[in-house]
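Biologist: I have the sequence and the coordinates open. Please take one part of this fold and walk me through it closely.

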Amino acid sequence: MKQKNSKIIKLLALLIAGSSLVGCYNKEEFKHIIQDGYDKARAKTKVKGDFCYYLGVLRFPYTDEPVLETDIRWDIWNKRKLSRSLPLFAEIGLLSRQSVEGQAGLYHYDLTDLGREYLHEYIDNRFKRTRYHNEFCYGPIVVERVTDVTKNEYTRAQGYSYNKVNLEVDFDYHVIEVPDWVINNKEKLNSIYPQSDVMLPNESYSHTIKFYVGKDDKLYQDNLSYFQFKP
């Protein structure tokens, strides 16, 4: 599953003794660090949950745009994403859809009240033309337990450019506040977004996060943010 995050988040200034053993790491402390990371990332981005279905670049209300011979490759990719995502969420009820008069196969789309509740938009100003990325998000993660911590060391003697250490932390979690539009449309969502199955309530899932031990002997982590799936 792809995770969306553009910044390295410093989670904890935890000193690691050179002779530390994996068994010495406090699993309960890692559980709180991971949960806090997801909670803070969600609060910062203002997403409804930790699992997001990416629509594409657009602004609502939106009218279908056919692919043109003059389109650059990125515009073609974006229009193809929208041609798959928008009809799906209109069928589910997060978008309204109306035919464009006199233009067969083209539609007007806008957000419904339900869609506004779950929409997340982030703006990318790195290009000449501002891009408005839109996605529907659900399901905050609740960390249940850390099951394992594995220490990996890489040295110059092994052929690496510098000595480095990371910790792979395995944990179990469940998802809360899963809305009906997700539960009742599992097959449709999985069909358009095949990277991951819909997360259901009352189910337990597993994931691994990698922490990096910096040259200052502090732990860093750059992947504690929401999961993003593309059509």
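What follows is a close look at one helix and the parts around it.

Biologist: Where does helix 2 lie, and which of its residues are buried?

Modeller: A caution to begin with: this is a predicted model. Helix 2 covers residues 73–92. Start with its length. At 1.5 Å a residue, its 20 residues should span 28 Å. The C-alpha atoms at its ends are 29 Å apart, which agrees. Glycine 93 follows the helix, and the phi of glycine 93 is positive, near 115°.

Now the buried residues. They are Asp75, Ile76, Asn78, Lys79, Leu82, Ser85, Leu86, Leu88, Phe89, Ala90 and Ile92. As background, an α-helix has 3.6 residues a turn, so residues three or four places apart point the same way.

Next, the first sheet. Helix 2 lies across strand 2 (51–57) and strand 7. The helix runs at about 125° to strand 2. Those strands belong to an open sheet of four strands, in the order 6-7-2-12, with mixed pairing. Strand 6 (119–124) and strand 12 (227–229) are the edges, and each pairs on one side only. From one strand to the next, the twist averages 35°.

Look at strand 2 in that sheet. Seven of its seven residues are buried, so strand 2 is largely enclosed by the rest of the structure. Strand 2 pairs with strand 7 in the antiparallel sense, over six bridges. There, valine 57 stands opposite histidine 133. With strand 12, strand 2 pairs in the parallel sense over three bridges. Tyrosine 53 has phenylalanine 229 of strand 12 as its bridge partner. Strand 7 (residues 131–138) also pairs with strand 6, antiparallel, over six bridges. Within that pair, glutamate 121 is the bridge partner of asparagine 134 in strand 7.

Strand 4 and strand 5 (residues 107–111) are joined by five bridges. Leucine 95 has leucine 111 of strand 5 as its bridge partner.

Last, the core. The largest nonpolar core has 49 residues. Phe30, Phe89 and Trp181 touch the most other members. Helix 2 gives the most to this core, with six residues. Leaving out residues up to four places away in sequence, phenylalanine 89 touches Tyr53, Leu55, Leu94, Leu95, Phe136, Trp181, Leu189 and Tyr193. Apart from this core lies another, of seven residues, among them Val47, Cys52, Val57 and Cys137.

How values were computed
Residues numbered from 1 in each chain as written. Predicted model: local features only at pLDDT ≥ 70, side-chain atom pairs only at ≥ 80, totals over all residues. Heavy atoms only, no water. Pairing = 2+ DSSP bridges. Helix = DSSP H or I, 4+ residues; strand = E, 2+ residues; numbered from the N terminus. Axes fitted to C-alpha atoms, helices over the stretch in contact; angles between N-to-C directions. Contact = heavy atoms within 4.5 Å. Core = buried A, V, L, I, M, F, W, Y, C linked by side-chain atoms within 4.5 Å. Buried < 20%, exposed > 50% of the residue type's maximum accessible area, 1.4 Å probe, protein only. Expected span 1.5 Å × (residues − 1).
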